[in-house]
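Me: I'm new to looking at protein models. Could you walk me through one, feature by feature?

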Amino acid sequence: MDRETFEALRQTIRRFVRERLVPLEAEVAENDKVPDAIIEEMRQLGLFGLTVPEEFGGLGLSITDEIELVIELTWASAAFRSILGMNLGVGSQGLVMDGTPAQKAEWLPRIASGEIICSFALTEPDSGSDAAALRTSARRDGDDYVLNGAKRYITNAPVAGLITVMARTAPDRLPGNAHVTAFLVPADAPGVRIGPKDRKMGQAGALSADLFLDDVRVPVEAILGGVEGRGFRTAMKVLDRGRIHVAAVCVGQARRILHEALGYAMQRKQFGQPIGEFQLIQAMLADSRAELYAAESMVRDAARRHAAGEQVSLEASCAKMFASEMVGRVADRAVQIHGGAGYMRETPAERFYRDVRLFRIYEGTTQIQQLIIGRELIKRRTI
């Protein structure tokens, strides 16, 4: 995409976010649902296909362009981004990287159009950070596999059309986690059951639920890439891009939160003057802007390196860890600047405070990122 077209798209998304999404934030939080009309507008804007190659009906954006549009989109509540996030990440990129030609032709055009909303089922009740310890099984039966197990906290499960399910195809844990295979499972396949919507601390409207697989039968052709034992490898391949994406989400959210804090500091008066004139309020604003600037720089640098083909596991984890911790601190300061108003549900600062807490947990907790960074430093033997 040339720069002029990209900038026009960026401005279109910016207007859409501010004119259509922001005014609906309270309604989405109250109803725990993004309106169908908004999802359809997202389809019409091509947002579900930002990262799908053009040959399959998407825009084929590089990671450097993707993060800029994600930052624009996440000026609004995170729920709006969540509905399409899987289509941009593991829902499409696993297929792009490792799918067979037939799988790409079958699924990618519908993912790009938003006809299919994707979900990714790896986490289980007893396997979170140790994802390779999953228990969901896939037993070969002639030309089919039969899947049984339970998955937890599965984003978009209540509305998904396609679920990438990670399942164990060998009883023992194999080197390189070759006991894990990825299966492309239609959400309406017999035996697929979705539990009640999760009731979360924040991010109302970003739907998740448990997923149950009871003798779900899929053909051999449903194995992502067509080869057993490569599921975990596929997941790891898309994680670096996914972590940079989440870091960009944190930047977008922090920009909005700081905007809210600054606006309140400029209009709220105490002792005869706006509270923004007080140096301790300015200090909180300054710390927030400095940390936001650092996170923006990290995200853009990691994206540039990824686009150049560098191995960026360390940089992606650094960006995700710092940005997710940063947005939490920015949100906390925003509540403090708002004072009592910041503790009220009517205030955006309160909602964002709860929403952003999740970013330090999913796509690998802060502690997992620390382990990855430390391991990569030892492996590289250099900073």
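Predicted model: local features only at pLDDT ≥ 70, side-chain atom pairs only at ≥ 80, totals over all residues.

Reply: Happy to; we'll go through the domains, the contact between two of them, and a pocket. Residues are numbered from 1 along each chain as its sequence is written, and side-chain values use heavy atoms, with hydrogens and water left out.

Me: Which domains does the chain have?

Reply: Domain bounds come from an automatic or database domain assignment. Here that gives domain 1 (3-113), domain 2 (118-228) and domain 3 (233-380).

Me: What does UniProt place at residues 4-115, and how much helix is there?

Reply: UniProt positions follow the numbering used here, with shortened feature names, and annotations may be inferred rather than shown by experiment. Its unreviewed entry puts "Acyl-CoA dehydrogenase/oxidase N-terminal" at residues 4-115. Helices (H or I, at least four residues) and strands (E, at least two) are DSSP runs, numbered from the N terminus. Residues 4-115 are 71% helix and 0% strand. In the unreviewed UniProt entry, "Acyl-CoA oxidase/dehydrogenase middle" covers residues 119-216, a span with 0% helix and 50% strand, whose end C-alpha atoms lie 16 Å apart.

Me: How many residues of domain 1 are in contact with domain 2?

Reply: Contact means heavy atoms within 4.5 Å. By that test, 21 residues of domain 1 touch 21 residues of domain 2. Buried area is the accessible area (1.4 Å probe) that two parts lose on being put together, summed over both. Between domain 1 and domain 2 it is about 1,600 Å², with 64% from carbon and sulfur atoms. On the domain 1 side, D32, M86 and W107 lose the most area to domain 2, together 33% of what that side buries.

Me: What lines the second largest pocket?

Reply: Rolling a probe the size of a water molecule over the atoms shows where empty space is left. On a 1 Å grid over the protein atoms alone, a pocket is an open set of points where a 1.4 Å probe fits, with protein on both sides within 12 Å along at least five of seven lines; lining residues have an atom within 4 Å of a point. The second largest pocket holds about 400 Å³ of space. Of its 22 lining residues, A29, E30, A204, R345 and R354 are the closest to its centre. The largest share of the lining, five residues, comes from α2.

Conventions: Points joined across faces, edges and corners; volume = space filled by probe spheres on them.
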